[in-house]
Structure formats: structure tokens, C-alpha cells
Amino acid sequence: MKVQVTKPIIHLENISKTFYLRKKTGIFKSIKIPKHAVQEVNFDIYPGEIVGFIGTNGAGKSTTIKMMTGILTPTTGICEVGGIIPYESRIANAKNISVVFGQRTQMNWDLTVEDNFNLLKEIYDVSDEQFKRQVNLLDQHMGIKKFWEQQVRSLSLGQRVLTDIAISLIHSPKVIYLDEPTIGLDIMIKDKILKTLKLINQKENVTIILTTHDLSEIELLCERIIIIEEGKIIYDDTKDKMLETFSTDSVIQFDYDYTELKELEIFIKNKKIDYSVENKTMTLSIQQDVQDEKEILSQLYLNFSINKMTVARTSVQDVVRSIYSK
Ligand SMILES: Nc1ncnc2c1ncn2[C@@H]1O[C@H](COP(=O)(O)OP(=O)(O)OP(=O)(O)O)[C@@H](O)[C@H]1O
């Protein structure tokens with residue numbers, strides 16, 4: 001986070017959201033069970049920031065974003081976006097923001113890209129002059145004119161996502177929320193999308209809130225990372241600070257023998273090492289100031305059948321993974 005002198009564009013103060021689920025207790029009886037999806041969340045986001053808003057499945061990301069976009073009303077707390085309370089003034093808020101979902105399009109499949117742009121121009125009441133300027137700018141950044149006359153249904157997934165990002169910027173929003181924008185895309189187009197987002201952020205000072213399970217995207221794009229777990233913010237600081245804090249850590253990764261998993265876990269837990277297991281690969285996060293890396297490595301080699309071992313300095317992905325597993 002930069003030292004900020006301007007006012008935040010997004011202000012969340014003690015925001016909570018509780019859903020009530022009905023549970024049948026008899027033929028005609030039911031009780032309401034509360035689900036505290038978001039609990040007393042506080043943060044300020046400043047104009048031009050790129051924030052990675054992450055957390056495991058069901059952590060409360062969508063619920064928080066839905067309150068910021070005005071789809072949901074908080075149970076308690078204050079939420080302001082661009083000085084507007086989103087759920088009280090949804091139309092005014094919509095003019096300030098944009099939402100892009102990697103998995104679904106806001107465009108009409110049967111219309112051409114051009115017709116979709118024209119439609120949104122009318123919906124957002126964009127002047128002819130601003131429309132022309134913005135389309136030219138977006139074409140410069142994203143080459144959208146190449147598919148201008150194509151029906152949306154004929155675009156490849158990558159072209160469709162790029163066009164969706166472009167069209168979401170037609171009314172020059174102050175904030176753009178991106179939900180898994182590069183899901184299912186190959187590395188080349190993913191790279192292009194991330195670079196484009198960075199460029200748009202720099203040129204237009206658009207504030208970007210990125211929600212994704214792909215931590216490499218966060219590493220590449222975001223300066224600040226907010227982690228939500230079980231509805232509560234458990235981390236909120238810059239990516240650099242995150243790495244600095246954990247810079248003494250290293251990550252040991254190896255393939256293990258399934259039959260030894262139990263003993264391996266006992267060994268790791270005794271050493272108080274954070275770890276995760278994915279298929280046949282185990283990842284250990286070593287805190288160099290607490291644990292003796294060399295000794296751990298030699299004991300692993302001596303006592304277990306391990307393969308393909310690598311030792312690396314901690315990346316944002318590893319840090320986040322270890323925060324999730326706590
Ligand atoms: N309308 C609803 N009614 C009841 N419970 C809900 C509702 N919407 C969300 N929840 C619950 O609130 C919690 C947070 O859900 P949310 O969709 O915000 O998580 P998320 O972090 O976006 O997860 P994911 O990464 O899986 O999309 C979950 O336990 C979810 O089941």
C-alpha cells in the first residue's frame with residue numbers, strides 16, 4: 001500500500017453479512033440457521049491500486065464483492081464506493097464500476113462486438129465523443145477492432161475475455177472487479193490479459209480488484225493482497241511486505257511414497273513445519289530462523305523414499321498457501 005493522501009475509492013467499515021438457511025425440523029417446522037459469510041470486514045482501497053482479493057472456496061470473497069457492487073445489502077456495517085452506498089444507489093454505482101467474470105460474458109452472444117459496444121454505449125449514456133475516444137484507446141491496448149464485426153459466439157475464449165474487459169471499460173469506470181478473468185486460458189493469452197490490465201491501470205488510473213484462485217496472477221499483477229478466510233480478513237498488506245516478512249523462508253518440494261505419508265506427517269508435525277500435500281507432491285515451508293533446513297533435508301533423505309526434490313526461496317504463492325493452511 002502506498003502512503004495515501006487521497007480519499008479511498010472503496011471504504012468498508014465493519015461490514016458483515018449473515019445469510020439464514022432454513023433447516024426442516026419436522027413436517028411443518030423449520031428453524032433458521034445463520035451463516036456468517038462475512039464478519040466485520042474493514043479495508044480502504046485507494047484510486048489506482050491493484051488489489052488481489054483472495055481466499056479459499058467459501059471464504060466470503062463473492063459476498064464481499066456483491067456488497068461492493070450493490071447486489072447484496074450488508075447485515076451491518078458501512079460500504080462506500082466512490083462516495084456512493086452501492087446497495088442504496090445501484091444505478092449511480094453501476095456508472096462508477098465494472099464487473100468482469102472469466103466464466104460468463106456480459107455481451108449478447110448473437111450480436112456482433114460492434115453492436116454490443118453500441119448497446120452498452122446507450123445503457124451507460126456515453127457521449128459519441130467519449131465513445132469514439134474510448135474505443136480507439138481500447139483498440140490500441142487490446143486490438144478489439146480485429147473482431148469488431150464478428151458475432152460474440154464466434155470469438156475464441158481468449159478473444160471473448162479480452163473483448164469483455166474492453167467493453168467493461170467503455171464508460172470509463174473508476175473501479176473494475178475481475179472474477180477469475182483468465183480461467184481456462186492458455187499462458188500466452190493469459191499473459192496478454194494481465195499486461196493489458198496493468199497498462200489500463202497505469203494509463204487510466206482504474207482501480208482493479210482481482211479475485212482468483214490462480215496465485216501466479218496475483219504475483220504478476222497485484223501490489224496489495226487481501227486474504228479473507230471464514231469471512232474475516234486475515235492478511236492485508238503489500239506483496240513486497242509479504243515477501244519481506246517471509247523472506248527467510250524456503251520451500252522444499254518433493255514427491256513422496258504414499259505408504260510413508262503417515263510417518264512423514266508425524267515427522268513434519270514434530271518439527272512444527274507448515275506443509276501441504278497435493279496428489280503425490282508434498283510442499284514444506286521452512287522458517288530458516290526456527291528450523292534447520294540442512295538437518296531436515298538430511299533426515300528426509302535418510303528416513304523416507306523421496307524423489308524429485310527442489311528447494312526454492314518463498315514465492316507469494318507459497319506464502320499464501322501456508323497462510324491458507326494455518
Ligand atoms: N445466498 C446465500 N445463502 C446462504 N449462504 C450463502 C449464500 N451465499 C453465500 N453463502 C455462503 O457464504 C459463504 C461465503 O460464500 P462466498 O460465495 O462469498 O465465498 P467465495 O469466497 O466467493 O467462494 P468461492 O471461491 O468458492 O467462489 C459460503 O459458506 C457460502 O455457502
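Modeller: Start with one rule: two strands pair if DSSP finds at least two bridges between them. The model here is predicted.

Biologist: Then try the rule on strand 11. How many bridges join strand 11 to strand 12?

Modeller: Five bridges join them. Strand 11 covers residues 274-278, strand 12 covers residues 281-287, and the two run antiparallel.

Biologist: What do strand 11 and strand 12 form?

Modeller: A hairpin, with two residues between the strands. In its turn, Asn-279 has a positive phi of about 50°.

Biologist: Now strand 8 and strand 9. How many bridges join them, and which way do they run?

Modeller: There are six bridges, and the strands run antiparallel. Strand 8 spans residues 224-229 and strand 9 spans residues 232-238. Arg-224 faces Thr-238 in strand 9.

Biologist: Which residue of that hairpin takes a positive phi?

Modeller: Glu-230 does, with a phi near 45°. Two residues lie between strand 8 and strand 9 in this hairpin.

Biologist: Move to strand 1. How many bridges join strand 1 to strand 2?

Modeller: Twelve, and the pair is antiparallel. Ile-10 has Ile-45 in strand 2 as its bridge partner. Strand 1 and strand 2 also make a hairpin, with five residues between them.

Biologist: How many bridges join strand 1 to strand 4?

Modeller: Five bridges link strand 1 to strand 4, residues 76-81, again antiparallel. Within that pairing, Glu-13 stands opposite Ile-78 in strand 4.

Biologist: On to the ligand. Where does the ligand sit?

Modeller: In the second largest pocket. To read its surroundings, count a residue as near if one of its heavy atoms lies within 4 Å. There are 13 residues around the ligand, and Asn-57, Gly-58, Lys-61, Ser-62 and Thr-63 come nearest.

Biologist: Which elements each supply at least two residues of the shell around the ligand?

Modeller: Strand 1 (10-24), strand 2 (30-45) and helix 1 (61-69) do. Helix 1 gives the most, with three residues.

Biologist: How much area does the ligand expose when taken alone, and what share does the protein bury?

Modeller: Alone, the ligand exposes 630 Å², and the protein buries 63% of that.

Note on methods:
Residues are numbered from 1 along each chain as its sequence is written. This is a predicted model: local features need pLDDT of at least 70, side-chain atom pairs count only at pLDDT 80 or more; totals for chains, interfaces and linings use all residues. Side-chain values use heavy atoms; hydrogens and water are left out. Accessible areas come from the Shrake-Rupley method with a 1.4 Å probe; for residues, only the protein chains shown count as cover. On a 1 Å grid over the protein atoms alone, a cavity is a set of points where a 1.4 Å probe fits but cannot get out, and a pocket is an open set with protein on both sides within 12 Å along at least five of seven lines; lining residues have an atom within 4 Å of a point. A molecule sits in a cavity or pocket if more than half of its atoms lie within 2 Å of its grid points. Helices (H or I, at least four residues) and strands (E, at least two) are DSSP runs, numbered from the N terminus.
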